[in-house]
Every structure is written in structure tokens, then in C-alpha cells.
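Welcome! Please take a moment to look over the chain shown here before reading on.

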Amino acid sequence: MTRRTLVAAVMGCVVLAAASCAGPERPTATADGKDAASTSASPAPSATATPTVDAVAVAAARERMTAAATGRDAPGPEGLLVAAESTGGALFVWESSDGRFCHGTATGVGVTSVACFTRPHTPPVGKEPRLVPLVRMMATGWNVVFGAEHETVESVTCDGVPVRVKDVGVMADGRRSVHAVEFPDLTLGTVSVRVRRGSRVVTETLALETFAKKDAARFASCGEPTS
């Protein structure tokens, strides 16, 4: 993957979320796992209820992202898909005209970043049902974007606690649905994803990160450790 940073991106704990350094928060319980998360014992990494989003700020972020993603990295006919949003900006995903997966962040104050795969149709759509990790990064929080192939995502849980799932859109000529989950801060481990395959319902696991942390005890976690 190649990365082109158009304006020096602000790295570290806070990129778009003003409160992302505050650490894990306790979300409010609801009955619907697609609308909000519920509480769990400490650490409590479940996603928070959807924040009040400044539509003007998100529109400004879209405008800046459109200006930043140019040339062969420009969005194809489907345009930019919003994977996460906040009052400070947004995380976008898209496919280029030649079928390459891209993602980028933009804020209303001018910080943008763009990253695209170098080859079209990467990762390729498989023949069997599966989940495909696409993006893991700190943007509006700890954001994890993933695709589902030949199956339908019904819910996501962290140690049995419902996590809000955002249905982002479809890619790969409609063969891959794209979804996103968000945590207040870096969250380790795996979540359980309930999917439907025809008349069958099965549970898969999705890694929230792929790197080892020596001080893992400092961070919230879900499920089994990934390393």
C-alpha cells in the first residue's frame, strides 16, 4: 500500500476526535446492538452511542477529501463513503476508478491523508463467506472498517456487549458489503460478528488490531488477544 499525506497529519492519540485521549468510556446500554453499545466490567471498550455530528464540519471534510484524493486515487463512480464521522471531521473509504481500495481522513481545518492499495481489487473477493479487515486506525476514535463477502452482518459484540455497527456501503461490484465499528480509544483483541449465510447464522471473529503491545494492560480489550 502507498500512502500520500497531503497536509502533515496530526498523529498520536487524537486525530479527529477531540476526546479520544480520554481513554475507554462506559457506553449506555440499549436493546439494539446496531444503534448503541452497553456497559461492561472494566475495562469497558464498547462503542459509544452516535455523537451529535456537526453536518457542516462533515461536509467540509468531504470537500477537503475530494480535493485531496486526485489523479488515479480519485473516487470512482460510487464516490466517497463515510466510515466514521465526528464534529471534527470524518474517515472515508472508496474505490478508485481502476478498482483500488482507498481510505482517507479529513478535518474541517485542513488536515488530510490519503492511502490506496497499489493494485486493483486488493484484497480480492473470495469464493467463500468471510470477513475482510480493511482499515484499522485512529481517526474519530479507534476505527475498524471491514468487509463481508457472501454473508450478511447482523450484529457485533465485545465480550457479549453489543457494539454499534455502521453499514458503510458496498464495494467490489456489490459483492462486498462494508461496515465499521468504533471505540473511544485504542482497543485490543477481537470482537464477535454474527453473520447470516442463507438460512444459517454463524459467529465469526474480527481482530481489532494486529500489533503486539508490551503495555497491553493499559488498554481496553475485547475477546481473545491477537498476539
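The model is predicted: local features need pLDDT of at least 70, side-chain atom pairs count only at pLDDT 80 or more, and totals for chains, interfaces and linings use all residues. Residues are numbered from 1 along each chain as its sequence is written, and side-chain values use heavy atoms, with hydrogens and water left out.

**The whole chain**

- Of its 227 residues, 47% are buried, where buried means under 20% relative accessible area, exposed means over 50%, and partly exposed lies in between (1.4 Å probe, protein chains only).
- Among contacts (heavy atoms within 4.5 Å) with a separation of 6 or more, 59% join residues 24 or more positions apart.

**The nonpolar cores**

- A nonpolar core is a set of buried Ala, Val, Leu, Ile, Met, Phe, Trp, Tyr and Cys residues joined through side-chain atoms within 4.5 Å.
- The largest one has 23 residues, and Leu131, Phe146 and Val156 are among those with the most contacts inside it.
- Elements giving two or more residues to this core include strand E11 (176-183), strand E12 (187-197) and strand E13 (200-207).
- A second, separate core has 17 residues, including Leu91 and Phe101.

**The aromatic pair**

- One aromatic pair turns up in a search of the whole structure.
- It is formed by Phe101 and Phe117, whose ring centres are 6.3 Å apart and whose planes meet at 50°, so the pair counts as tilted.
- For the cut-offs, rings of Phe, Tyr and Trp (its six-membered ring) pair if their centres lie within 6.5 Å; planes under 30 degrees apart are stacked, over 60 edge-to-face, and the rest tilted.
- Phe101 sits in strand E4 (residues 101-107), while Phe117 is in the loop between strand E5 (112-116) and strand E6 (130-138), 16 residues apart.
- With 4% relative accessibility, Phe101 is buried.

**Glu151**

- You can find Glu151 in the loop between strand E7 (142-149) and strand E8 (152-158).
- Its relative accessible area is 7%, so Glu151 is buried.
- The side chains of Glu151 and Arg197 make a polar contact (2.8 Å); such a contact is a pair of N or O atoms within 3.5 Å, and within protein one must be able to donate a hydrogen and the other to accept it, while residues adjacent in sequence count only if both atoms are side-chain atoms.
- Leaving aside neighbours within four places in sequence, the contacts of Glu151 include Leu131, Ser177 and Glu204.

How values were computed. Helices (H or I, at least four residues) and strands (E, at least two) are DSSP runs, numbered from the N terminus.
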